[in-house]
Amino acid sequence: ITGKPDSVLALPTGATPIGMYMELIKKKLDFSRITVFNLGEYYPISKKNNQSNYYLLNDGFLSKTNIKRENVYILDGETQQPDEECKGFDEKISLAGGIDLIILGIGVNGHIAFNEPAEKLTLDTHLCDLTARTIEEHAKYFGSDETVPHKSMTMGMGTIFAAKRILLLANGLNKADAVAQIFSGEITTSNPATLLNLHHDVTIIADKEAASKI
Ligand code: PGA
């Protein structure tokens, strides 16, 4: 942000990045020329829902910086046309000049953004079904499995891999297996994070627990 004040960032939500956002807010950096895209959004979900990525990113970070509203692009969980919304998102990223830095969390199953383990992964931003494991994992945020939306819009693997730099953050023992697989020497679509081995500029920051099985 200091080195390239007009950076295009792609930012996560969830529990993992909360500390990072608190640190960034404390530093009082100048975000006035920064552009932000989010990684994904549950579908359907109201922007007012305090578990929507829209709400979490705004409440936990954006509203506490001097980032300009017109430079923020968050997938709209209220849209009636999710496919159009996803297509438009990739176009907006291209128009912004591409992503300089994407910051990712990792799911317990190795998902990055909401690219879930599957036989085939999708390149572009798209609407996808969440796996039972992710729904179960995210129930802690929503209160119960039933209230977790079962679909999500997500940046695709191609959108993520087109970023110039990738930073993956991982906290906690429940991420240890997924993180260890990244270092297994194999890549597999059954753990999308393992594909990060194919990108030229990836940094992983993990706490002791998340790194304990490497
Ligand atoms: P978390 O979510 O940071 O809340 O653990 C990460 C993810 O599911 O991608």
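**Ligand site, pockets and backbone features**

The shell around the ligand consists of three nonpolar, five polar and one charged residues. The model is predicted. In this model the ligand sits in the largest pocket, and a second largest pocket has a volume of about 310 Å³. The backbone has a cis peptide bond between Tyr43 and Pro44 and a positive phi at Lys28.

**The ligand and its surroundings**

- Gly14, Ala15, Thr16, Ile106, Gly107, His111, His138, Tyr141 and Lys175 surround the ligand.
- Thr16 uses its side chain, where a polar atom lies 2.4 Å from an oxygen atom of the ligand.
- For Tyr141, an N or O atom in the side chain is 2.4 Å from an oxygen atom of the ligand.
- The ligand taken alone exposes 280 Å², and the protein buries 87% of that area.

**The largest pocket**

- The space in the largest pocket, where the ligand sits, comes to about 750 Å³.
- Its lining is made up of 36 residues.
- Thr13, Gly14, Ala15, Thr16 and Pro17 are the lining residues that lie nearest the centre of this pocket; Gly14, Ala15 and Thr16 are also among the residues that surround the ligand.
- At least two lining residues come from each of helix 1 (18-26), strand 3 (40-43), helix 2 (53-60) and helix 4 (132-142).
- By class, the lining of the largest pocket has 17 nonpolar, 15 polar and four charged residues.

**The second largest pocket**

- The second largest pocket is lined by 18 residues, and Ile1, Leu9, Leu24, Leu101 and Ile103 lie nearest its centre.
- Strand 1 (8-11), helix 1, strand 5 (101-104) and strand 8 (165-170) each give two or more residues to this lining.
- Helix 1 provides the largest share of the lining of the second largest pocket, with four residues.
- Helix 1 also supplies at least two residues of the lining of the largest pocket.
- The lining of the second largest pocket divides into eleven nonpolar, two polar and five charged residues.

**Backbone features**

- Most peptide bonds are trans, and most residues other than glycine have a negative phi.
- The peptide bond that joins Tyr43 and Pro44 is cis, with omega at about -15 degrees.
- Pro44 is located in the loop between strand 3 and helix 2, and both of these elements contribute to the lining of the largest pocket.
- Lys28, a residue other than glycine, has a positive phi near 50 degrees.
- Lys28 belongs to the loop between helix 1 and strand 2 (35-38).

Key
Residues are numbered from 1 along each chain as its sequence is written. This is a predicted model: local features need pLDDT of at least 70, side-chain atom pairs count only at pLDDT 80 or more; totals for chains, interfaces and linings use all residues. Side-chain values use heavy atoms; hydrogens and water are left out. On a 1 Å grid over the protein atoms alone, a cavity is a set of points where a 1.4 Å probe fits but cannot get out, and a pocket is an open set with protein on both sides within 12 Å along at least five of seven lines; lining residues have an atom within 4 Å of a point. Grid points are joined across faces, edges and corners, and a volume is the space filled by probe spheres set on the points. Ala, Val, Leu, Ile, Met, Phe, Trp, Tyr, Cys and Pro count as nonpolar, Asp, Glu, Lys and Arg as charged, and the others, Gly among them, as polar. A residue is near a molecule or strand if one of its heavy atoms lies within 4 Å of it. A polar contact is a pair of N or O atoms within 3.5 Å; within protein, one must be able to donate a hydrogen and the other to accept it, and residues adjacent in sequence count only if both atoms are side-chain atoms. Accessible areas come from the Shrake-Rupley method with a 1.4 Å probe; for residues, only the protein chains shown count as cover. A molecule sits in a cavity or pocket if more than half of its atoms lie within 2 Å of its grid points.
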